[in-house]
Number of protein chains: 2
Amino acid sequence: MCAMLVGVMSMRPVCVIGLGLIGGSLLRDLHAKGWPVFGFNRSPSAVKQACDEGFDASSCLEDTLQRAEREGALIVLATPMPAIPSMLDAVMEHAPSCGITDVVSVKAEVYSLVCERGLQDRYVGGHPMAGTANSGWEAAHEGLFQGAAWVVTFDQAAEDPEGVSEQWVGLWRDVATVASAVGAEVIPARVGVHDAAVARISHLPHVLAEALAIVGDNGGALALSLAAGSFRDGTRVAGTVPSLVRAMCETNNVALLAALDETIDLLVDARANLAGEESSVEELVDAGYRSRVRYEARAGEARGGASTGGSNRPVLRVKPGAPKWVSQLEQAEALGARVDVF
Amino acid sequence: MCAMLVGVMSMRPVCVIGLGLIGGSLLRDLHAKGWPVFGFNRSPSAVKQACDEGFDASSCLEDTLQRAEREGALIVLATPMPAIPSMLDAVMEHAPSCGITDVVSVKAEVYSLVCERGLQDRYVGGHPMAGTANSGWEAAHEGLFQGAAWVVTFDQAAEDPEGVSEQWVGLWRDVATVASAVGAEVIPARVGVHDAAVARISHLPHVLAEALAIVGDNGGALALSLAAGSFRDGTRVAGTVPSLVRAMCETNNVALLAALDETIDLLVDARANLAGEESSVEELVDAGYRSRVRYEARAGEARGGASTGGSNRPVLRVKPGAPKWVSQLEQAEALGARVDVF
């Protein structure tokens, strides 16, 4: 219980529900840093593997949540989206006072489930922007979050900056602290703003990769034989398990529709210009090149691999609960800036 | 002149016109293998660099082509598409009996320029499927073609299998031999079939990357800040110099339009399904996943890097000029197979 006493002050124990790629990697990273952490997974074989490797894991949800309650742990919901409602219900029953975060890749839908249950004062949403192409405990590994963006939501505070509780401010700090502890960069964003952004840079890339894979394949054996780097990279995420892609896209359908409509408009215009008398794709290609250059300038070198430190993102120093800290979060959201919590 | 005497039998000298990424890399590779090779580049500074490194290069086109004629060289046109007409004219004037190949990424347009000039009996088209993101002599390097597909066209023979000259058969063998010598895999294809295939797996990926880059960028600072692997890989080729992308796409507009129309149809259908009552992208995602898996199965491991040997492509052994060799080429084209020339 020593760990817990320390944890209350600075290293609150973390309880990870779901030990797939994200949850499992979080368990590994926190464990490696000596952080008090334990986890639940539905699959007894994954739990056995984890325990054999020296991790603290259980396949009994009730026991795990009751322990979280006893130890005052931060609960991280790391299951796929479809399991979130039942997990929230279980948390209400077995861990009625714990703070809750999650790692689901869409945030408005989760927030709505949270609000339906009146849990918003105990909830801060999270989304680490890290790999999805492989899944399961076996894909989990240390260092997955190094340099990655980890969105931390703040709707509860944005809606009522003055009325937000001390408990919630402490929870926000805890979530940001855990994300930073595993090497991620904390980017604040409200759930709707987050969903609109990821529709463009995560869900749309999946949709386009699927379409490209199909049209290439329609070209038959010769086309696939000639496919080189541009096709390989452009279709890479079409290799993601279909159920994961569907869960992301369908849960974020409104924002994805907007991004998809913009894309279809661009392609229809390009088609018209290409079929026209001048047969030109100048407009699309010049604009696309400029956009990619802007992205590269922002991404810097750090985004390519996982091991280099720091990114080109602007940084804001934020003290949770201090006057105007919510305005700072809104400013960071607009800039895509990361925050250093002090 | 010793080299030439040997060359006539097995190592015909190669004259590379244009020392950019492709032409320069070909010069380097052939030189490294002791092959008699010399080149022309319009830029005296690139020529000086090449000569300083011990290569045989000149910035005088006339001299270079006259030397090619004297030495019975195979001429490789490695200039961008817009320069091809004037280069063909120069070859007619200064190297009236040399065999000609090229490395342009679209083939019907080049073949049409060749036929306009009555050069088809001296021409075999080529297209190495190797990197385009960087350009110029400075980007050229040894090993670029290792394991890459190198399309070699055979329209002249397909149109009239019995009537094709011995000279042309020898030229086809020479082009295939040079491609193999630098580690590439020879894939036979007729110009129209080639162009339809590359529209799907090379030109379409560029168009989609441009559109994705723009739509992501439209999401502003937060979207670019959150962009991770799927956006990075999906937009990578939007970083290609716009003039190169335009040249590829616009020269191959008819085939690209067909591929683009298929893509737009898929996206419009997906949009309708996503906006519908069930809000599902199942159809697109399941089909895209199956297509990507098929591609991965064909690509094998070899396609990822440049240094591993062999690919998963089927192989046909072909003896140029032997009975039914043209049928074998057609069979290889349908299978996306590589041919071993003996």
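Predicted model: local features only at pLDDT ≥ 70, side-chain atom pairs only at ≥ 80, totals over all residues.
1. Buried here means under 20% relative accessible area.

2. Start with helix α13 of chain A, residues 253-275. Its 23 residues should span 33 Å at 1.5 Å a residue. The end C-alpha atoms lie 32 Å apart, which agrees.

3. Which residues of α13(A) are buried? They are Ala255(A), Leu256(A), Leu257(A), Ala259(A), Leu260(A), Thr263(A), Ile264(A), Leu267(A), Ala270(A) and Leu274(A). In an α-helix, residues three or four places apart point the same way, because there are 3.6 residues a turn.

4. What do these buried residues pack against? In chain A, the partners are α9 (191-218), α12 (242-251) and α14 (282-299). In chain B, they are α9 (191-218), α12 (242-251) and α13 (253-275).

5. Now the interface as a whole. Contact joins 91 residues of chain B to 91 residues of chain A. The area buried between the two chains is about 8,100 Å², and carbon and sulfur atoms give 69% of that area. Ile201(B), Leu222(B) and Leu226(B) supply 9% of the area that chain B buries against chain A, more than any other three residues.

6. The rule finds eight salt bridges across the interface. Arg271(A) forms a salt bridge with Asp261(B), with the closest N and O atoms 2.5 Å apart.

7. On the side of chain B that touches chain A, α9(B) gives the largest share, 21 residues. By class, this side has 50 nonpolar, 21 polar and 20 charged residues.

Conventions
Residues numbered from 1 in each chain as written. Chains lettered and ligands numbered in written order. Heavy atoms only, no water. Helix = DSSP H or I, 4+ residues; strand = E, 2+ residues; numbered from the N terminus. Expected span 1.5 Å × (residues − 1). Buried < 20%, exposed > 50% of the residue type's maximum accessible area, 1.4 Å probe, protein only. Contact = heavy atoms within 4.5 Å. Buried area = accessible area lost by both parts, 1.4 Å probe. Salt bridge = Lys/Arg side-chain N within 4 Å of Asp/Glu carboxyl O. Nonpolar A, V, L, I, M, F, W, Y, C, P; charged D, E, K, R; others polar.
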